[in-house]
Each structure stands twice: as C-alpha cells, then as structure tokens.
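Dear colleague,

Please find below the structure that I am handing over to you. My findings follow directly after it.

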Amino acid sequence: MARVIDQLWEYIAVALGILVVLGGLVFGLLRGRGGRTKDLPPAPPRDREVLPGVGDDAAPPRDAPKRAVENAPGVDTLPTPTEPELLPQPEPTPTLERPEAPAGRLRRLRARLARSNTALGKGLLALLSRGGLDEQAWEDVEDTLLASDLGVEATTELVDSLRRRVQVEGATDETAVRGWLREELLALVDPAMDRSIASSRAGGRPAVVLVVGVNGTGKTTTVGKLARVLVAEDKDVVLGAADTFRAAAADQLETWGGRVGVPTVRSDREGADPAAVAFDAVKAGAEMEADVVLIDTAGRLHNKVGLMDELGKVKRVIEKQSPIDEVLLVLDATTGQNGMRQAEVFGEAVDVTGIVLTKLDGTAKGGIVVSVQRKLGVPVKLVGLGEGPDDLAPFDPEAFVDALID
C-alpha cells in the first residue's frame, strides 16, 4: 500500500512538472506573437467635446495637428518656385540724326562769316571810302589784298580795275565803293564755274568721289560732313575708309556714317593696303546700288614722293572697276600760300576737280578762294566755317562776296 502511494506522488510531481513546462511554452508563444501592449501617447487636450467617429479608436483624433506635406516620408514635393530669370534687354536702336538741309546751312554760314571782321572786306571799304586816294593809299589797298592771300596776280588785277573806276567815276562814298568792290570780287571768284558735286548714279553705277589732302586739314571729318550733306539731299551713300595709316581713322569715319545710317567699308587690320580698301568700297557701293561712294585717303604729306605715288596707285586700282567722277582736295583756309603749294602737288598726282576749304571763318584769309581757283583752274565747291556736324555747305560765290563786304 505504501508503495502505491509513493508511485502516485511521483506521477503527480511529474504531471505538475509537465504542466509548468507547458505553461511556460504557451506564455512564450503568446509574447512572440505580439502580445506585448503598447504605451499610447496621451490624447491632446480638446477645447470642445468631440464625438468619436468611425475609426477613432484605431487612429489619431481628426482634430489632431497634421504633419505638413513636405515633412511626410516618401512624398515627392515640388520645388519652391523661384523668381523668373530676366532675359537681357536688347540695346535700343540708335536714333539716326537728320542733317540740316543745304539751304539752311548757307544762310547760317553766311551770317557767321558776315559777323567776322575780315580784312578783305571791311579793310578795303575803310580804305576806299576815306577819299583822297593817293599812291600811299593804293599801296595800303594792295597790302590788304596780299595779306588776305588773294595772290599777287589777282591783287594787281583788282587794284588796277578799282583805280580806273575811281578815276572815271570820281566818287568815293561808301555805297558806290561797296558796289564796285562787290562786282570786282565776284568777277575774281568767278560764279560761272560749275560747283556741283558728282553724287548721282551714272551708267548703272554709283558716282565715285575720292577725297585727298595733307594731315591736319580735317579731311576725314570733311568726308563725314559731306556724307551728311548728301544724305540731306536723299542720296544713298557708302563710305570707304582707305586711310589705313592713321590710328582710329576708320573708327572716326564709321562713327560719322553711323550717325546718319551710312555704311562704312573698312579693313580690320591697321596698315592694310589702302588701294584694296578703296576697291572693296566701290564694289560694295555697286552691289548696294548706292548713289555715291566717298573714299577717304591717308593724309599724306605733299613732299613725300613715295606717298604721292601711292595715291596714284589708289586711283589706278579704283579705275579698274569704275571711273572716278570727282577728286576733292581738302585745304585748310588758314594755311595761306602753303596751301597753294599743296594744291599744285596734288593736282599733279591726281586730277583734282574741286576744292573744299575748311576753317574759313573770321580768322581765315578769304583771298585763298580766288588764288586756289586760279592756281588749279578748278572751283571751290564746299566751305566749312565751324566744328559742328552741319558746318559744311556748298560754296556760293555771291553769298560769299556779300558776306565779306556787308
């Protein structure tokens, strides 16, 4: 009996051990399947009572603060818009200048010349109107004329004519003397000369004008001003920058042309062959069907034989493509008889057809108009009386003489 009881206790102990082991296994399985509880964050305080809605037990309250879209993981957000990139504004188109008409220039230039105290006009009137003209008085008249660069031949001719009038008429009042002086001076200036400038197409090609002169006479500036004169007459003009030896000469000419919408043909290389540039300018003028091509040449010194030969080369190269219709010689009116020597040498190198006198203001010697015409047998066609862009005008003999003696 005791043995049976001992076996029973053994069975009970074994059974209890099995139950403990099984209980431990069951507890471990439950924990491995997520049986742990989570600590939920406390609900945010509510300003007012909100009734629970569908799903409120498993999700945050509807009135809880929402995360911003850009902070939500896995969400692609658009970049913050930036200021639009401003494209560079195009440069404003330069306004072209409108040159003054030649008629207006003549009136203005005449008024400016009349205000100047010129020896050729006022000095002669004072001498001839004082009466009692003896030999000393006539010598003073001659000195006045010579000082105005009229030249010996023209001075002698004018004095002899005035002396005859005084002897015949016997009058010395200022009105009569003014009339005689005007007639004699006008005859010397010779209004019958053709002072027109070749500026129209001929034979299906543009007119070609070659502008020559020594350094310092304002030759390149004169070309630019002449372009303005022709533009004011509704001419289509092309400029040729064949002065390739003076620094910035082509830039200067291009600036003049750009102000009135005139194209300039030039070389990109300083010291380029001037004849080649002149040739290209004439060719471009023909292709563009221009009315006239103005070619600026180097301000070569008249006593340099090689440079004068080169000017002749420029002329010959141009003539392979087109005849030259006009050769204008630019002279500084203040140079006096030195200008006469320049005119002679240039006349030998090229066939000068017209003279442009610059700086013909109150300080100039107006007699050079007569002497240069007599020396070359060609007319003064243009005169300049100032530094303004429109201070160049066609020469008018009557207006010039009237301005001298008014």
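In this predicted model, Val211 stands opposite Leu328 in strand E5. The two strands concerned, E1 and E5, pair in the parallel sense over four bridges. On its other pairing, E5 is joined to E6 by five bridges, and these two strands also run parallel.

How many of the residues of E5 are buried? Seven of its seven residues are, so described as mostly covered by the definition of burial, under 20% relative accessible area. Both faces of the strand are covered. Glu326, Leu328, Val330 and Asp332 lie on one side, while Val327, Leu329 and Leu331 lie on the other.

E5 belongs to an open sheet of eight strands, in the order E3-E2-E4-E1-E5-E6-E7-E8, with mixed pairing. E3 and E8 (392-394) stand at the edges with a single partner strand each, so one side of each has no neighbour in the sheet.

Ile355 has Val380 as its bridge partner in E7. Helix H7 (residues 219-232) packs on the sheet, where it touches E1, E2, E4, E5, E6, E7 and E8. The direction of H7 makes about 170 degrees with that of E4. Helix H9 (residues 274-287) lies across E1, E2, E3 and E4, and runs at about 170 degrees to E2.

Strand E2 and its partners

Strand E2 (residues 237-242) is also mostly covered, with six of its six residues buried. Val237, Leu239 and Ala241 point one way from the strand, and Val238, Gly240 and Ala242 point the other way. E2 pairs with E4 (residues 292-297) in the parallel sense over six bridges, and Val238 has Val293 as its bridge partner in E4. E2 also pairs with E3 (residues 264-265), again in the parallel sense, over two bridges. In that pairing, the partner of Leu239 is Thr264. Between E2 and E3 the chain crosses through helix H8 (residues 249-259), and this β-α-β crossover is right-handed.

The nonpolar cores

In soluble globular proteins, nonpolar side chains tend to be buried together. Which residues touch the most other members of the largest nonpolar core? They are Ile295, Ile318, Ile355 and Leu357, in a core of 69 residues. Helix H6 (residues 174-189) gives the most to this core, with seven residues. Leaving aside residues up to four places away in sequence, Ile318 touches Val208, Leu210, Ala278, Val282, Ile295 and Ile324. A second, separate core has 24 residues, including Val237 and Leu239.

The chain as a whole

The secondary structure of the protein chain comes to 13 helices and eight strands. Of its 406 residues, 41% count as buried. The chain exposes about 23200 Å², of which carbon and sulfur atoms supply 54%. Among contacts between residues at least 6 apart in sequence, 76% join residues at least 24 apart.

With kind regards

Technical notes:
Residues are numbered from 1 along each chain as its sequence is written. This is a predicted model: local features need pLDDT of at least 70, side-chain atom pairs count only at pLDDT 80 or more; totals for chains, interfaces and linings use all residues. Side-chain values use heavy atoms; hydrogens and water are left out. Buried means under 20% relative accessible area, exposed over 50%, partly exposed in between (1.4 Å probe, protein chains only). Two strands pair if DSSP finds at least two bridges between them. A crossover is right-handed if, with the strands pointing away from the viewer, the path from the first strand over the helix to the second runs clockwise. Contact means heavy atoms within 4.5 Å. Accessible areas come from the Shrake-Rupley method with a 1.4 Å probe; for residues, only the protein chains shown count as cover. A nonpolar core is a set of buried Ala, Val, Leu, Ile, Met, Phe, Trp, Tyr and Cys residues joined through side-chain atoms within 4.5 Å. Axes are lines fitted to C-alpha atoms, for helices over the stretch in contact, and angles run from 0 to 180 degrees between N-to-C directions.
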